[in-house]
Amino acid sequence: MSNLVRSASLTNYPEVARAVGLDPLVLLAGVGLSSACLHDPEMRIPSYAVRDLLEASAKASGVDNFGLRMAETRHLSNLGAVALMAREEPTVRRVVRAMMRYSHVLNESLFVELEEANGIAVMREEFLVGQGGSSRQATELLVGVTFRSLKFFLGPAWNPLQVCFSHAPPRDPSLHFQLFGYGVYFGQHFNGIACTASDLDAPNPMADPVMARYARQVLEASGGSTRMSAADSVRNILLVLLPSGQCSIEQVAQQLGVDRQTVHRRLVREGTAYRDVVNTIRRELAAHYLDDGTRPLAQVAELLGFSALSAFSRWYKQQFGEVAGLRRRANVGAERPQA
């Protein structure tokens, strides 16, 4: 079964598409989406269809910052009931954690992690739909929306320390600089935003504890369960641990605060196993990194948690039935769309 996302993720898609010379209805039909999703923000649609729509739009228009153009005019209210709940939290850190807690209500393919160390806070965001193909546009839309949400609480003068993307830079990064400032970096190990931890300590003057409780009740009554599946919890942790190579079931269990047998039992109840979860996320990330076409295979192997390129190569051949280098070479020569 496909992961789903609120159709509000396509807010202002028609306007951006028409502005670059596209017919939005034709492109929607091309990925199997009905035009009805443009009028009902709460409709649930397949995450992969949104990803494919944005990539197809970028390719057809020759605009390689299509997703970022959609993020440019987003407002906190586009997040629906999640925004209603988050804006009542007392500090920006609590706002961020509330949005993380309910991220699956917005997008079941969204994985978010907040890490803080040495006075730096990093919000890592990954868009994983379980199928191969580039997620460049969806990722830039996601990071852009998060950036604009933070600006809402921290004020128009606020800027992060860094905005990071794992994909290669566009031909013309001027829109990225215009939106994020000049601390934008491409070809990084993660997608997300880094700021000072003290930024997250900022109070939220709009906070109202009574309204926060009410908003949470509304969100949960509308079906916004906050309970993440065991497989998704493991995936979230693996996204952080894989590049370090420290991704055994024991290490994941430690992060979850349980023992390895508990992780095993929870996954079995959901009809899966730890090795299956690891292979699934590695397959998704491998397809993403190789389709991007800019990373050496040794770096891809490292990012996926393999101790050596040879181990990655054997795994890739077993999983995909082909040599990893063939897929990478097929994408290296692909022409990038114009900005």
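1. Two residues are taken to be in contact when heavy atoms of theirs lie within 4.5 Å. By that criterion, among the contacts in the protein with a separation of 6 or more, 70% are accounted for by residues 24 or more positions apart. The model is a predicted one, and what follows should be read with that in mind.

2. As to the overall make-up, the secondary structure comes to 18 helices and seven strands. The protein has 339 residues, and buried residues make up 51% of them.

3. A helix to look at with some care is H13, which spans residues 249–256. Within H13, Ile249, Val252 and Ala253 are buried, and because these three cover an arc of only 100° around the axis, they are on the same side of H13. On the other side of the helix, Gln254 and Gln255 are exposed. The cover over the buried residues of H13 includes H12, H14 and helix H15 (274–292). Just after H13 comes Gly257, which takes a positive phi of about 75°.

4. How do H13 and H14 pack, and at what angle? Their axes are 8 Å apart and the angle is about 90°, so the two helices are roughly perpendicular to each other. On the H13 side, the contact is made by Ile249, Glu250, Ala253 and Leu256, and on the H14 side by Arg260, Val263 and His264. These residues divide into four nonpolar, one polar and two charged. Ile249 and Ala253, which take part in this contact, are also among the buried residues of H13.

5. Helix H14 (residues 260–269) also packs with helix H12 (residues 230–241), at an angle of about 125° and with the axes 8 Å apart. An angle of that size is why H12 is described as oblique to H14. Ala230, Ala231 and Val234 of H12 make the contact together with Val263, Arg266 and Leu267 of H14. In the contact of H12 with H14, the residues divide into five nonpolar, no polar and one charged.

6. The aromatic residues deserve a point of their own, for the count comes to 14 aromatic pairs. One of them is formed by Trp315 and Tyr316, whose rings are 6.5 Å apart centre to centre, with 65° between the planes, an edge-to-face arrangement. Trp315 is buried, with a relative accessible area of 7%, and Tyr316 likewise counts as buried, at 0% relative accessibility. Elsewhere, ring pairs link Phe147, Trp158, Phe165, Phe180 and Phe186 into a cluster.

7. Finally, is Leu303 buried or exposed? This residue, placed in helix H16 (residues 297–303), has a relative accessible area of 2%; buried means under 20%, and Leu303 is therefore buried. Leaving aside neighbours within four places in sequence, Leu303 is in contact with His189, Leu242, Pro243, Tyr289 and Arg295.

Terms used
Residues numbered from 1 in each chain as written. Predicted model: local features only at pLDDT ≥ 70, side-chain atom pairs only at ≥ 80, totals over all residues. Heavy atoms only, no water. Axes fitted to C-alpha atoms, helices over the stretch in contact; angles between N-to-C directions. Helix = DSSP H or I, 4+ residues; strand = E, 2+ residues; numbered from the N terminus. Parallel < 35°, antiparallel > 145°, perpendicular 65-115°, else oblique. Nonpolar A, V, L, I, M, F, W, Y, C, P; charged D, E, K, R; others polar. Buried < 20%, exposed > 50% of the residue type's maximum accessible area, 1.4 Å probe, protein only. Arc of directions from axis to C-beta. Phe/Tyr/Trp six-rings, centres within 6.5 Å; stacked < 30°, edge-to-face > 60°.
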